[in-house]
Amino acid sequence: MAYETIKVSTEEHVATITLNRPDALNALNQKLLRELCQALEEADTSEKVRCIVLTGSEKSFAAGADVTEMADKSFVDMYLKAFFQTEHDRFLAIRKPIIAAVSGYALGGGCELAMMCDFIIASDTAKFGQPEINLGIIAGLGGTQRLSRFVGKSKSMDMHLTGRFMDADEALSSGLVSRVVPAKKLMEEARSAAHKISEKSLLASFAAKDAVNRAFETTLAEGILYERRAFYGLFNTEDQKEGMAAFAEKREAQFRDR
């Protein structure tokens, strides 16, 4: 499918989706979000894809939502159209692992989009922020909730109330990103991680993603119960038998997603 606001490529079981609105620093508008969700859903159902990398440009992952698209809207406009809601829910329904490869600005909706991915690999030039307060609004794509869970109340409150940016080193020390690499090495590092994931059992990847996400939605006791059931369930798969046999035989496992 031909897209106007994103680019998509697939190589060695990894789909790379690149946000492509360079004149707007990849600001998120409705068209981009719809195209992004379509590309994610196609990757999710493709037998050729086992992991997804979402990225932008070296200068900007996504510098927020497109203000020009929202400026004249009323409460009724936003509420009736469930602005952001449909795309948010479609994104979260993707089962395959998604890595955000972030360089440059990841602000407002861009920061929120990165946090919706399963983990973030950042370049040393990355800057994260939720500066919606400067526009007289607040985050609307999960920013107040996810950032608070990732970095804690105090730092999240600081960022949402002052609009300040967080650089890559602070994002790493705060737990927002999983690793920081030089900008020129960002895509190499992200694709390397994606290739490692693509070598694993897709069944186990699904289970791990579900279980970790459940940790943010329930109590510790309920989360452990969910994890245990998923853990037990994987012992009814061929991949579990193959993985443990390969370990015992000191060879690489050949998973078949069965």
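Guide: The largest pocket has a volume of about 900 Å³. A pocket here is an open set of points on a 1 Å grid over the protein atoms alone, where a 1.4 Å probe fits, with protein on both sides within 12 Å along at least five of seven lines. Grid points are joined across faces, edges and corners, and the volume is the space filled by probe spheres set on the points. This is a predicted model, where local features need pLDDT of at least 70, side-chain atom pairs count only at pLDDT 80 or more, and totals for chains, interfaces and linings use all residues. Residues are numbered from 1 along each chain as its sequence is written, and side-chain values use heavy atoms, with hydrogens and water left out.

Visitor: Which residues lie nearest the centre of the largest pocket?
Guide: Met116, Cys117, Asp118, Asn213 and Phe216, out of 34 lining residues; a lining residue has an atom within 4 Å of a point.

Visitor: And which element supplies the largest share of that lining?
Guide: H10, with 8 residues. H4, H5, strand S7 (119–123), helix H6 (143–151) and helix H10 (202–214) each supply at least two. Helices (H or I, at least four residues) and strands (E, at least two) are DSSP runs, numbered from the N terminus.

Visitor: How does the lining of the largest pocket divide into nonpolar, polar and charged?
Guide: 20 nonpolar, 6 polar and 8 charged. Ala, Val, Leu, Ile, Met, Phe, Trp, Tyr, Cys and Pro count as nonpolar, Asp, Glu, Lys and Arg as charged, and the others, Gly among them, as polar.

Visitor: What about the second largest pocket, how much space is in there?
Guide: About 580 Å³. It is lined by 24 residues, with Met70, Phe84, Glu132, Ile137 and Ile138 closest to its centre. Helix H2 (67–70), helix H3 (75–80) and H5 each give two or more residues to that lining, which divides into 17 nonpolar, 5 polar and 2 charged.

Visitor: Now Lys96. What is the nearest side chain of opposite charge?
Guide: Asp44, 5.2 Å away. Lys96 is buried yet has no salt bridge, meaning a side-chain nitrogen of Lys or Arg within 4 Å of a carboxyl oxygen of Asp or Glu. For charge, Lys and Arg count as positive and Asp and Glu as negative; His and the chain ends are not counted.

Visitor: Where is Lys96 found, and what is it in contact with?
Guide: Lys96 is in the loop between H4 and strand S5 (98–102). Leaving aside neighbours within four places in sequence, its contacts (heavy atoms within 4.5 Å) include Asp44, Arg50, Asp118 and Phe206.

Definitions and conventions:
Buried < 20%, exposed > 50% of the residue type's maximum accessible area, 1.4 Å probe, protein only.
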